[in-house]
Amino acid sequence: MPLRLLRELEATAASQPLGTSHLPVDGVGVDLGPLGYQEREFLAAGTAGRYRHRGGILEQIGEQPYVTRVLVRSPAAERFNGVVLAEPLHPDYDTALTWQTAHPWITGTGAAWVGITQDHRMAATMQEAYDPQRYGELSIPDAGLRWDIVGGILTALRTRGRSPLGGLADRVRYTYLSGWSNTGSFCRVFLMDGFHERHRLPDGAPAVDGYLIGISSGAAGAAGYLPLGEDSPVLPDDDPRRIIGPADVPVFEVLSELESETHGPSLRADSDAPGDRYRLYQVAGTSHDNPQLWRVLTNRAQFANRGHDVPVRRINEQLSDARMDAVARAAYALLHRWVATGTPPPRAERFAFADPAGDGEARELARDRRGNVLGGVRTPWVEAPVAVYRPHSTPVPGYCLPSPWAPMGTAELVAWLIGHADPLPSEELCALYPTRRDYLDRYEAACARLTGQGLLLERDAQLLLDAARARALPHLADAPAPSPHDPHDPHDRTAGTAAVQQRGTRS
């Protein structure tokens, strides 16, 4: 049965979409109004297959009907640039990690965003425990349906009458599929197990014009390559599908230090070949969970507001101020340029392992004498360091408990995904930066190198420079220049680290 839109779900004061863009009372999210965007939510229905591997071949073993929901954020028709960034929503509270990372690029360029509920557990939770009246029709009866659910939405995006984009469907020129963490691994399976080929447009063109896979280590067992269904075995460690292979569209992978520790067996060379366009960016000084983005999403706050016990994330160490999202937005822009104009993106240095001949599930990355990583995309916070950036942290007792739907199972594992920063000693800061101008010159030069390479957008360079100019350097008595405060910017850091830790789960 072809996918069909059942109806639009009206947003009211009492009933809003899970993951709605903005909760002003809670101080979280992104206010779409000043950006000229609207948010709409739809129920969509169809029939999806279930699959298994047999002898290395993917085969369908049945099909079932489903009802899912689709969340759309789009500009007015005259501003729409023809680009759609779609994502499978994450099993943890049905969060939109691609939107969380890329929304300034989306709204700044006039692109549309589409989020698709695909996890069977979250569909049941939304129906039974979150808002039974709003989501009572949701039905994803089997985990293995997720691939065709997402594929069906992707193929419908450009079809008037079936597209959740409504009148914009005729204007869609490029569709990109992206995910982060678990949903990054979803994209890897979708591409490498043949669903990219199965879901194509009526003229045979791919429904997806390019992929960006974020913070997903292909070699990380079931986390790096999701099983096809609940009863499916985990793909063997040496299966070649764990390595991104040739495709008819460009593919980016963007990794932090944390995933890079296990990604070694899945590493491959960059390529500009017509049937194998591929880039890997490993971003120095970053980790899996980015505290700087905790205020962007509203899902946790919505669950808490409905009386659910939502765990709070708090670590013993100082939260990292690294901005992996800034480099990621440049990667989205480069992906689009590669697809639209054929211009290959720059290549970036890779991380090195401390023991090149080592083995095991995780390998230590090579680091400088202070402890910051060597190689990778050289971010300004590691090129002009005031701290040592570590990809793992430890939980404050009673905090960082996993949600019921998170793939990790303990507080220690949740905190292990959060980065922290160990401030450099004052004597080392004095040697590095006798004056504030010395620090800023070095930081500005690092930003300029990245913007010159195309690995940092001008807007994000300015965001980083404003934060650097406002940073207090404890070895200097002179006060930093105040940073402009934008009350509509969810990235504004005036709330302070302590406030972010307190509110981390409600954002």
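**View 1. Helix 1 passes helix 10 in a right-handed crossing.** In a right-handed crossing the near helix is turned clockwise from the far one by less than a right angle. The contact (heavy atoms within 4.5 Å) involves Thr 98, Thr 101, Ala 102, Pro 104 and Trp 105 of helix 1, and Asp 325, Ala 328, Arg 329, Tyr 332, Ala 333 and His 336 of helix 10. The axes, lines fitted to C-alpha atoms over the stretch in contact, come within 9 Å and cross at roughly 70°. Helix 1 and helix 10 are therefore roughly perpendicular (65 to 115 degrees). The model is predicted: local features need pLDDT of at least 70, side-chain atom pairs count only at pLDDT 80 or more, and totals for chains, interfaces and linings use all residues. Residues are numbered from 1 along each chain as its sequence is written, and side-chain values use heavy atoms, without hydrogens and water.

**View 2. Tyr 93 has a positive phi of about 65° although it is not a glycine.** Tyr 93 sits in the loop between strand 6 (83-88) and helix 1 (97-109); helices (H or I, at least four residues) and strands (E, at least two) are DSSP runs, numbered from the N terminus. Tyr 93 counts as buried because its relative accessibility is 1% (buried means under 20% relative accessible area, with a 1.4 Å probe and protein chains only).

**View 3. Cys 400, not a glycine, has a positive phi near 65°.** Cys 400 belongs to the loop between strand 13 (387-390) and helix 12 (411-416). The relative accessible area of Cys 400 is 0%, so Cys 400 is buried.

Technical notes. Buried means under 20% relative accessible area, exposed over 50%, partly exposed in between (1.4 Å probe, protein chains only). Axes are lines fitted to C-alpha atoms, for helices over the stretch in contact, and angles run from 0 to 180 degrees between N-to-C directions. Angles under 35 degrees count as roughly parallel, over 145 as roughly antiparallel, 65 to 115 as roughly perpendicular and the rest as oblique.
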